There are 2 protein chains.
Amino acid sequence: MDESDTDTKKAARESGDTAPGQSAADDTQNGLLENASAKRRSGGVNARMRDVAKRAGVSTMTVSRALSDPDRVSAEMRERVITAVKEIGYLPNHLARSLSSTRSTTIGLIVPSVDNFIYTQTVKGLSEVIRRSGFQLMVAECGHDEDEEEEVIKTFLGHRVGGLILYNTEHTEEARAMIRASDVPVVESGNLPRRPLDMAVSYSNSEAAKAMTLYLGRLGYKKIAFACLDTRNNDRSRDRREGYLEALKQLGQTPDPRLIIDTARGMAAGAEAVAHAVEAVPEVDALFCGGGLLAAGAFFECQKRGWNMPGRIALASFDDIEMLHHLSPTVTTLRLPRYDIGVRAAQMLISRILDRADHLKGSVVDLKFEIIQREST
Amino acid sequence: MDESDTDTKKAARESGDTAPGQSAADDTQNGLLENASAKRRSGGVNARMRDVAKRAGVSTMTVSRALSDPDRVSAEMRERVITAVKEIGYLPNHLARSLSSTRSTTIGLIVPSVDNFIYTQTVKGLSEVIRRSGFQLMVAECGHDEDEEEEVIKTFLGHRVGGLILYNTEHTEEARAMIRASDVPVVESGNLPRRPLDMAVSYSNSEAAKAMTLYLGRLGYKKIAFACLDTRNNDRSRDRREGYLEALKQLGQTPDPRLIIDTARGMAAGAEAVAHAVEAVPEVDALFCGGGLLAAGAFFECQKRGWNMPGRIALASFDDIEMLHHLSPTVTTLRLPRYDIGVRAAQMLISRILDRADHLKGSVVDLKFEIIQREST
DNA sequence: TTGTAAGCGTTATCAC
DNA sequence: GTGATAACGCTTACAA
C-alpha cells in the first residue's frame, strides 16, 4: 500500500456529497462506485457521519463528539453539527458504534414463552427501564428447554448484547461456560437460584407455596390438594411442590400422593384437577392451584358442581390474576412482584453495564410475595 | 502510511494467539496492547475470526466462507475451520457481519404494550417464524402515542434493522418519511390501513364490529349498547365504533349516543359499563363489549345483579379470550386470527428481506375473523 | 478453491 | 478544542 493507493481511497470516500463551497477534487475513476452508494443512502436516514461532517465543515470526530458527548465540543461546532444532522436527516449507525466502541446498547431477554402473562408483566417492567436508559431489548423464547436456551444465548452473545436476562435458573454446562467466558452481566429470574450465574432477582417459589399451604393448614383444612404444573424441566414447578410438601410436614400432616394432581396448563386443566382430586380423595377440603388459570378453571368447575367455596372446598391460587378478584366468592391468591422483578432486574443489569457496579455481582435479590386473603378460603 | 507501518499493524494483530507449530515472529513493541486484547477475549466466545483462521492455518476469508457458505470451500478446509471454531469456542460477531455486509438479521417490533394478551398472541406468531428463519427480534413499546412510535422507529433504524413490524397503522409524517427513506420493509398490523406504508396483515376492526352488531340485531335485539374503549389516538377503537354504527344503520336502528359507553380497559371497567348502560337506557337488551376483559367484567356484574343472559341482557365480546368460554352462560365472541397475523406478517417480511420479494410490496392481507356464537346471545 | 486488499461507519488514541 | 489515523471484526470484490 503506497501513497497513491491511499489517495485513491480517500477520493472515493469523499466524493459522496459536495459541501457548499468545496470543490470536488476527485471523480476520476470511481463514478460507478459512487453512484451506487449515493443511491443507497439517498435518504438521509442512511447517510454516514462523513456526510454530516462534510456538510458541517468539520471532521467526523467532531460530529461523533457533538452527538455522543456534546460538552467536549465548542458551542459553535455543536450548533453546526446539529444543524447538518437535521438537514440531512442523519441517523447514527448503532452497529458501527458498537463495533468500534466494543460497547453494546442491546440487552437480550430469554423467556419460556412470550404470550404468557406470567412473563409479560416482568417484561413490561424490564422494557420500561431498559428503554428509559437508552438500551434496546432483544427477545427470544426458549420453551422449557435448556438446550434451546443455550442456542439463544449463543445467538445473543454473537449479537454482542451488553447484558442478558434469563427467566430461568437452570442452564446447560455449555451455556454457563459461554456466559462466564463472555463476561457479559446476567440476571436470572423466575426463581431464586441455588447456584447463581451472576445476579438474580425473583421471589422464592418454594417459600411462596409453603406459605400458602401453611395458611390453609392453619385455617383448619386437613386434606389440601395441590394442582401441580409440569415439573419436568421446570424448577419453578418443582419448588412449588417442595414448598407444599414442606408445609405439610410442618403442619404435622402426612403428605398424600393422591392429593398432588399433575396438571397441564390452562383453565380446562384446572377443571380436570378438581375432578381428579375429588375422585382420588373424596374428603378433600382445599385445593391449592399452582397457577392462576388453573385456579380459574377449578373455580368454574366447583361452581358447576354447585360446591360452596370454602364450604365444600377451599380454593387458593399461586398467582394473582385479575379474574380471580372478580369471581364470587373472590379467590385467595399469592401476589407475586412480577412487574417489580422486571424493573429491579433491569436496573441492576444496567448499573453493571453503565456504572461497572461490580459490587452487584453475585447479588440474589428476593422480592418476596404476599398472600391476598379472600373469600374462597 | 508506508511499509513499516503496515508491518507493525499486522504484527500487532497476529500475535494474539500462537498456533501449534508456528513460531511467533513478532512481539517487538506490542506487548502491552497484546496483553489487553488477549485478556478481553480470554474466553473463545470473544475470539475473532482471525484467531480461528490462525489456528486452522487458513485465511479469514476461508473461515468466513466455511461458516456462512460451507459449499464454497473444500471439504478439508471446512473440516479444519469447524475444528478450530469448536476448539476456540468462537462465536461470529453479528455486529461486524451486519456492518460489513450491510445486511441485518434483526427485525424491530413496536407494540403499544408488551403485557397485553391482545398483542402477545401476535408476538408469539412473529417470534416463532422469525427465530426459525435465523432472525432476531427487537421489541419496544410505544403506548398509544405516535410520537413515541416515531422515536422508537428512529432508534430501530439506527440499529439498522432489516425489517419493521408496527402494531399500529397511524404514524407521524416524520415517521413515514424516515421509513420511506430507509427503504426498510415494513408490515403494519392491528387494523387494515387506509394508507399502507408498505405491507399490512390484519383483520378489519370496523368489519368485525359491524358483523357482530348485525348478528345481534338479527337476533332481534333492539337496544344494543356498545362498550367503547378509548378512541383517542386509537384508530382500532374508532373503527370498532364505526362498524357498530354502520351496522345499526343497516339494521334500520337509530343510533342512540347514550348506548355508546366510553370505558377504560379491564374488568372493572366492564362492570361499570353495565351500570352506565342500564342507567342511561333501562331497556337496553344487549351489550357488545369492545374488548375481552371488558366483557368478562360485564359478565360478572350482570351475574351479580342476578340478570339472566341473554334473558335480561345479551352479552357479546370483541375478543375471544379463554375465560369467556368457561363462564356459564358461555359468551359469544369475535375470534380474531391474532396468532396467524403474527405468522403471516413475519413470513411476508422475511420474504421481502431474504428473497427480495418485491411483488409483496403494497399487499394488504385481510385475515378476517369469526363470530363464535355461544349461550350469552 | 483460496487469498489479498479495501471497506462497512463508527470511536479510541494521540497529536496539534 | 479539533483533527488525523488506526482499529473494531467481518465481508465484498477481485486477483491468483
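1. Interface area. In this predicted model, chain A and chain B bury about 5,100 Å² between them. Carbon and sulfur atoms account for 60% of that area. On the chain A side, A:Leu95, A:Arg131 and A:Arg160 stand out: they supply 13% of the area that chain A buries against chain B, more than any other three residues.

2. Interface residues. The contact involves 54 residues of chain A and 53 residues of chain B.

3. Symmetry. How are the two copies placed? Two copies of a chain are related by a rotation about an axis and a shift along it. Here a rotation of 180 degrees, with 0.0 Å of shift along its axis, superposes chain A on chain B. The RMSD is 0.1 Å. That is the relation of a two-fold axis. Both copies use the same surface, since 98% of the contact residues of chain A recur in chain B.

4. The axis itself. Which residue of chain A comes closest to the rotation axis? A:Met138 does, with its C-alpha at 2.2 Å.

5. Helices H4 and H5 of chain A. H4(A) spans residues 60–68, and H5(A) spans residues 75–88. Their axes come within 9 Å and cross at roughly 90 degrees. An angle of 65 to 115 degrees counts as roughly perpendicular, so H4(A) and H5(A) are roughly perpendicular to each other. From H4(A), the contact is made by A:Thr62, A:Val63, A:Ala66 and A:Leu67. H5(A) brings A:Met77, A:Arg78, A:Val81 and A:Val85. By class, this contact has six nonpolar residues, one polar and one charged.

6. Helices H8 and H9 of chain A. H8(A) covers residues 146–158, and H9(A) covers residues 173–182. The axes of this pair come within 9 Å and cross at roughly 20 degrees. Angles under 35 degrees count as roughly parallel, which makes H8(A) roughly parallel to H9(A). The crossing of H8(A) with H9(A) is left-handed.

7. Residues of the H8–H9 contact. On H8(A), the contact is made by A:Glu150, A:Ile153, A:Lys154 and A:Leu157. On H9(A), A:Glu174, A:Ala175, A:Met178, A:Ile179 and A:Ser182 take part. What classes do these residues fall into? The contact of H8(A) with H9(A) has five nonpolar, one polar and three charged residues.

Key. Residues are numbered from 1 along each chain as its sequence is written. Chains are lettered from A and ligands numbered from 1 in the order in which they are written. This is a predicted model: local features need pLDDT of at least 70, side-chain atom pairs count only at pLDDT 80 or more; totals for chains, interfaces and linings use all residues. Side-chain values use heavy atoms; hydrogens and water are left out. Axes are lines fitted to C-alpha atoms, for helices over the stretch in contact, and angles run from 0 to 180 degrees between N-to-C directions. Helices (H or I, at least four residues) and strands (E, at least two) are DSSP runs, numbered from the N terminus. Angles under 35 degrees count as roughly parallel, over 145 as roughly antiparallel, 65 to 115 as roughly perpendicular and the rest as oblique. A crossing is left-handed if the near helix is turned anticlockwise from the far one by less than a right angle, and right-handed if clockwise. Contact means heavy atoms within 4.5 Å. Ala, Val, Leu, Ile, Met, Phe, Trp, Tyr, Cys and Pro count as nonpolar, Asp, Glu, Lys and Arg as charged, and the others, Gly among them, as polar. Copies are superposed by least squares on the C-alpha atoms of residues with pLDDT of at least 70 in both. Buried area is the accessible area (1.4 Å probe) that two parts lose on being put together, summed over both.
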